[in-house]
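Trainee: Hi! Could you walk me through this one while I have it open?
Mentor: Happy to, let's have a look together.
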Amino acid sequence: MVQEQAPQKLSIQFEDLHQQNESYIVGMWTFLVTEIMFFGAVFATYLVYRVVNQEAFWQAHRHLSVPLGFFNTCVLLTSSLTMALTVHYSQHGLRKQQLLFLLATMALAMTFLVVKGFEYHHKFVEGLVPGPNFHFEPAEYTRVAQLFFSLYFAMTGLHALHVAIGVLVMGVLAVLIAIRHPSVQDFIPVELVGLYWHFVDIVWIFLFPLLYLIPR
Amino acid sequence: MSNEQQSHVHSVPIRVYLLVYVALLVLLVLTVGAAYLPGHHTTLNNVIALTIAVVKAVLVILYFMHVRYSTRLTWLWASAGFFWLVIMFILTLGDYFTRHWVPVQGWQ
């Protein structure tokens, strides 16, 4: 199946399309590198405390729901697929398919947030939110369990924030595509949003085993 | 004014995306399965879980993020981020993993 690729417009500040596309994509990767280092520092913090408190982290992680985490991982991986397909159809200038898969990606992203919301709610009810009402059995692990849940909420919270920003950005993109706005004539805006979205997926790929699947 | 040109971007076939997706799901099931292996293999389990996570991340980066088909500059930029990340991890954990070699009062 050979599909014709959509033509692109060359802006005057660029020599050719190759340079134009590379500039946008490398620019986006520059932002992603700052994001890698930003999340990297949080992951490094987590790893240090995990290395020091292996047993207590194992005790604390048993209060997380592996089925829900597994489900959410599937949801995010699927959303990465639909985003990749959005970019594919965008490269071929197929507006309808592009919009359809972009909306599917948004729906999956919101599904992820809803499930995350239920998980957070459950932690509140169980008294596993760090603070004066924190309650943990066995009691000897209370201090470190509180540390684990602080890290849990900080890491998944930061990630959820990125998912929420992704939903907003995809919403704006969908509207721009729907009204045939001149700024989304070629595939580059979709590709850049896609890069961001796959990065968010990668963060979760590491969060899931690190938080939900701690071996004893 | 801008002019229209034919785009020569490498468009990844849908079949490749689907294959990568299936591979990601298989790896996900493997991670969960490995976590419930009988017996206590803390280090082995950690190594398996993180290796699978790295493989998944590399698949996403190479295919979904198109780095495999991108220019060398993109490739360099993408790897630079993870290269410095690895430096940060190795130096930080190198400290914490070796602290018990030389017991000093007040260190854990």
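This is a predicted model: local features need pLDDT of at least 70, side-chain atom pairs count only at pLDDT 80 or more; totals for chains, interfaces and linings use all residues.
Trainee: Got it. How many bridges join strand E1 of chain A to E1(B)?
Mentor: There are 3 bridges between E1(A), residues 8-10, and E1(B), and the two strands run antiparallel.
Trainee: And which residue is the bridge partner of A:Lys9?
Mentor: That is B:Glu4, in E1(B).
Trainee: Zooming out, how many residues does each chain bring to the contact?
Mentor: Chain A brings 48 residues and chain B brings 49. On the chain B side, strand E1 (3-5) and helices H1 (14-35), H2 (42-64) and H3 (72-98) each supply at least two residues.
Trainee: Which element gives the most on that side?
Mentor: H3(B) does, with 15 residues. By residue class, the side of chain B that touches chain A has 28 nonpolar, 19 polar and 2 charged residues.
Trainee: Let's talk helices. At what angle do the axes of H6(A) and H2(B) cross?
Mentor: Roughly 170°, and the axes come within 9 Å. Angles over 145 degrees count as roughly antiparallel, so that is the label for H6(A) and H2(B).
Trainee: Which residues meet there, between H6(A) and H2(B)?
Mentor: From H6(A), they are A:His198, A:Asp201, A:Ile202, A:Ile205, A:Phe206 and A:Pro209. From H2(B), they are B:Ala49, B:Ala53, B:Lys56, B:Ala57, B:Val60 and B:Phe64. That contact divides into 9 nonpolar, 1 polar and 2 charged residues.
Trainee: New topic: how many residues are in the largest nonpolar core?
Mentor: It has 79 residues, and those with the most contacts inside it are A:Phe148, A:Val203, A:Leu207 and A:Leu211. H6(A) comes up again here, with the largest share of this core at 19 residues.
Trainee: What is A:Phe148 in contact with, beyond its neighbours within four places in sequence?
Mentor: A:Phe57, A:Ala60 and A:His61.
Trainee: I also clicked on A:Gln59. Is A:Gln59 buried or exposed?
Mentor: Buried: 20 other C-beta atoms lie within 10 Å of A:Gln59, and 20 or more is the cut-off for that label. A:Gln59 sits in helix H2 of chain A, residues 54-61.
Trainee: What does A:Gln59 touch, apart from its neighbours within four places in sequence?
Mentor: A:Gln59 is in contact with A:Tyr141 and A:Ala145. As for A:Tyr120, which is 61 residues from A:Gln59 along the chain, the two C-alpha atoms are separated by 18 Å.

Notes:
Residues are numbered from 1 along each chain as its sequence is written. Chains are lettered from A and ligands numbered from 1 in the order in which they are written. Two residues are in contact if their C-beta atoms, placed from the backbone, lie within 7 Å. Helices (H or I, at least four residues) and strands (E, at least two) are DSSP runs, numbered from the N terminus. Ala, Val, Leu, Ile, Met, Phe, Trp, Tyr, Cys and Pro count as nonpolar, Asp, Glu, Lys and Arg as charged, and the others, Gly among them, as polar. Two strands pair if DSSP finds at least two bridges between them. Axes are lines fitted to C-alpha atoms, for helices over the stretch in contact, and angles run from 0 to 180 degrees between N-to-C directions. Angles under 35 degrees count as roughly parallel, over 145 as roughly antiparallel, 65 to 115 as roughly perpendicular and the rest as oblique. A residue is buried if 20 or more other C-beta atoms lie within 10 Å of its own, exposed if 12 or fewer, and partly exposed in between; C-beta atoms are placed from the backbone. A nonpolar core is a set of buried Ala, Val, Leu, Ile, Met, Phe, Trp, Tyr and Cys residues joined through C-beta atoms within 7 Å.
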